[in-house]
Amino acid sequence: MLDLHVHPLGHNDREANRETIRAFLDEASRRGLKEIGFADHDYYWDQMNFPLIREVAKDYPHLEVRVGLEAEYRPYEEGRIKNLLDQFSFDFVIGSVHEFDGWVFDIPEEEHMHRKKDADEFYRRYFEVVTLAAKSGLFTTIGHFDLIKVFGVRPGKDILTLADEALTTVAERGLVLEVNTNGRYKPVQEFYPERRLMEEIHRRGIEFTLGSDAHCAENVGRDLDEASQLLRQIGVQSLVGFSRFDKVSYSLD
Ligand SMILES: [Zn+2]
Ligand SMILES: [Zn+2]
């Protein structure tokens, strides 16, 4: 019903012009979504056209079209992110960690390093940086909460212990976590976060949103019915969208 994580620019594969925006909104309409949120990677800032999204959205009155950003969180760059967020009135901002200590860990070229390094140590460090992202006060949402599992390398320690402080911070700050279905199409072949984490997130009273992380229009809304079903099974009754940083609640019934 809502997809708050799509990338009209992909990995800078195309222009986010009127046709591209329409293609994403057409697919969202076709799938019967109520809300869609654009969140391109901040590295392509200069290619983004936020007012155009708001303008094209007027042709889709049945859809809540939200304008957001997926910001790369690095602890020493909070000022840079803040500067970007000051330049437009966003509906939501996803803080994501795809890199820490100079290691861009989620690209295929780095898979062998996941097998070589100490998994307990890189999971610990990953969640430490996610905790800082949650503490930064910059974001509404933390993206793909357990992305570090992307190649299917698991820690020896319990994931609930490793993620404990990050979850505590997310709960304290009232941040939202997404079920991001894109993980199914990565080597790990499962949604982010894994089910045990989803249950723990719900137990702690943290709210969920949904995201396909679509980098092309065809993937908008992909597997979100299944993700909603899974959330219902663990007892989640509502999902969260955003309008100018305010939460908007959707019943899951
Ligand atoms: Zn991401
Ligand atoms: Zn993304």
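Predicted model: local features only at pLDDT ≥ 70, side-chain atom pairs only at ≥ 80, totals over all residues.
**Entry 1: what covers α5**

Next I listed the buried residues themselves. They are Y123, Y126, F127, V130, T131, A133 and A134. Why do they sit on the same side of α5? I found that they cover an arc of only 155° around the axis, which puts them on one and the same side. I noted the general rule beside this: an α-helix has 3.6 residues a turn, so residues three or four places apart point the same way.

I then checked the helix as a whole. α5 runs over residues 119–135, 17 residues in total. From its first C-alpha to its last it reaches 24 Å, close to the 24 Å expected at 1.5 Å a residue. After α5 comes G137, and I read a positive phi there, near 75°.

**Entry 2: the largest nonpolar core**

I turned to the largest nonpolar core, which has 62 residues. Which of its members touch the most others? I wrote down F24, I36, V130, I142 and L177. Helix α5 gives this core its largest share, six residues.

Leaving out residues up to four places away in sequence, I142 touches G95, V130, A133, A134, V170, L175 and L177. As a general remark, nonpolar side chains in soluble globular proteins tend to be buried together.

**Entry 3: backbone exceptions**

I kept one general point in mind here: most residues other than glycine have a negative phi, and most peptide bonds are trans.

I found a cis peptide bond between Y192 and P193, with omega about -10°. P193 belongs to the loop between β8 (176–180) and α8 (195–203).

I also looked up two aspartates with positive phi. For D101 the value is near 50°, and D101 lies in the loop between β5 and β6 (103–104). For D213 phi is near 55°, and D213 lies in the loop between β9 (208–211) and α9 (224–233).

Is D101 buried or exposed? I counted D101 as exposed because it has 11 C-beta neighbours inside 10 Å, and the cut-off for exposed is 12 or fewer.

Notes. Residues numbered from 1 in each chain as written. Chains lettered and ligands numbered in written order. Helix = DSSP H or I, 4+ residues; strand = E, 2+ residues; numbered from the N terminus. Expected span 1.5 Å × (residues − 1). Buried ≥ 20, exposed ≤ 12 C-beta atoms within 10 Å, placed from the backbone. Arc of directions from axis to C-beta. Core = buried A, V, L, I, M, F, W, Y, C linked by C-beta atoms within 7 Å. Contact = placed C-beta atoms within 7 Å.
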